[in-house]
Amino acid sequence: MNLIALGGVIGAGLFVGSGVVVRQTGPAAVLSFLAAGVLTVLIMRMLAEMTVARPALGSFYAHVRETLGPRAGFAVGWLYWYFFVIVVAVEAVAGGRIVRLWLPGAPLWAVSLVLMALLTATNMVSARSFGEFEYWFSSVKVLAIVVFLFLGALYVLGLWPDAAGGFGHLTAHGGFAPEGVGAVLAAVVPCVGFFTGAEIVTIAAAESTEPERAVAAAIRSIVLRVVAFYVLSILLVVTVVPWTDEAVEVSPYAAVLERLDVPAAATVMNAVVLVAVLSCLNSALYTSSRMLFALTRGGDAPRGFTRLGRGGVPRRAILAGTSVGYASVVAAWISPDVVFQFLIDSYGAVALFVYLAIALAHLRMRRVLERTAPERLTLRMWGFPWLSRLTVAAMTAVIGAMAFLPDSRAQFWLSLLTVAVVLGAYEVRRRRTG
């Protein structure tokens with residue numbers, strides 16, 4: 001459970017996407033990642049409190065449905081499902097591109113479909129099969145980051161062969177925040193997206209033997225590791241390599257390893273990124289199927305997806321998610337700049353909407369629990385209610401900023417369109433069922 005929680009946070013965004021943030025922000029990108037990490041930790045603490053107090057199938061979907069009403073629950077459940085079925089396609093295409101570095105003659109669409117089919121097969125066996133694969137995927141990612149932090153620290157301290165060491169790069173190229181405070185604040189928006197996935201542990205908890213203890217331990221572990229893995233690794237990147245170096249944008253970790261003259265640095269990082277992509281693909285398949293299964297239990301999805309196969313796996317729910325993934329991969333092949341780009345933009349802010357709903361649900365549930373079952377509050381949100389309200393305000397500000405920032409404006413409005421479609425579907429269902 002700890003590695004599932006950690007693996008959900010450590011994706012290709014850290015190994016590759018973080019370089020874009022560094023190039024747009026400068027060394028102060030460390031502060032952007034720190035702010036986004038703190039915000040994510042606060043949301044996860046709220047979710048952990050609700051999950052430990054009232055374990056439920058579907059986790060936050062059930063909590064939102066209970067506290068904010070069936071309309072909000074329907075929207076959050078389907079938005080989250082949509083988010084991860086698009087993640088399935090995005091990660092499959094990303095994995096295919098990496099594999100093609102070693103197999104240049106293979107068609108991208110074919111490699112992507114093979115990767116998706118292989119991990120679909122593992123998810124169809126049992127929840128334990130998903131857990132085993134995610135355990136090893138996450139172990140590789142954690143080991144890679146630990147080794148990276150160790151080697152980078154040796155270089156900065158001047159203990160690496162021919163290393164200049166020191167922290168000069170933090171201020172030598174235009175200062176610590178060369179693009180200004182506005183760029184640092186704007187970078188928080190994509191950084192929050194990099195942390196999406198930590199909540200998967202609360203969904204997986206429903207299939208663990210001791211869900212309350214597992215969730216509490218996993219969420220606690222995230223606090224330290226988010227800071228260590230994201231913030232420290234980005235700090236080492238901007239300390240070892242000038243942020244103006246174009247290699248940082250392409251692959252920040254590979255840029256550092258090449259500066260250290262590590263043999264086959266690019267190949268090593270490509271392999272690690274492939275593992276990270278497969279881990280995210282594995283988690284997305286699992287999460288989308290369990291959320292769809294939970295939606296059926298709340299009457300918000302067709303009952304046919306409730307049926308379980310051997311090993312207690314909702315196979316129809318898994319196939320429903322993979323079907324959308326297959327169609328999206330085909331779209332990436334036929335119309336990469338129109339249809340596939342539309343799908344990517346239409347899910348960009350969805351996870352942030354879900355996080356905001358989690359925070360609002362927590363505010364309401366906490367009041368109810370304090371009146372009716374205070375003994376269930378064994379894991380509490382810090383500084384309630386003021387810190388919870390501050391988190392809601394901060395998440396609202398992050399979402400609002402997306403509407404004005406050029407790089408995220410399209411994602412905001414198309415994601416808002418996705419929300420409108422889901423809410424429209426709820427109204428149609430409500431009128432049909434009375």
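Analyst: Helices here are DSSP runs of H or I with at least four residues, numbered from the N terminus. Happy to walk through this predicted model with you.

User: Is serine 59 buried or exposed?
Analyst: Serine 59 sits in the loop between α3 (29–53) and α4 (60–68), and its phi is positive, about 50°, although it is not a glycine. Buried means under 20% relative accessible area. Because the relative accessible area of serine 59 is 1%, this residue is buried.

User: In which loop is the place of proline 385?
Analyst: The peptide bond leading from phenylalanine 384 into proline 385 is cis, with omega near 0°. As for its place, proline 385 belongs to the loop between α16 (350–372) and α17 (386–402).

User: Which element gives the largest share of the lining of the second largest pocket?
Analyst: This pocket holds about 390 Å³ of space and is lined by 14 residues, with Met1, Ile4, Ala127, Arg128 and Gly131 nearest its centre. Two or more lining residues come from each of α1 (2–9) and α7 (127–156). The largest share, seven residues, comes from α7.

User: What relative accessibility does arginine 290 have?
Analyst: Arginine 290 is in helix α13, residues 265–297. Leaving aside residues up to four places away in sequence, arginine 290 touches Ala127, Ile203, Glu207, Val313, Pro314 and Ile318. Arginine 290 counts as buried because its relative accessibility is 6%.

Key. Residues are numbered from 1 along each chain as its sequence is written. This is a predicted model: local features need pLDDT of at least 70, side-chain atom pairs count only at pLDDT 80 or more; totals for chains, interfaces and linings use all residues. Side-chain values use heavy atoms; hydrogens and water are left out. On a 1 Å grid over the protein atoms alone, a cavity is a set of points where a 1.4 Å probe fits but cannot get out, and a pocket is an open set with protein on both sides within 12 Å along at least five of seven lines; lining residues have an atom within 4 Å of a point. Grid points are joined across faces, edges and corners, and a volume is the space filled by probe spheres set on the points. Buried means under 20% relative accessible area, exposed over 50%, partly exposed in between (1.4 Å probe, protein chains only). Contact means heavy atoms within 4.5 Å.
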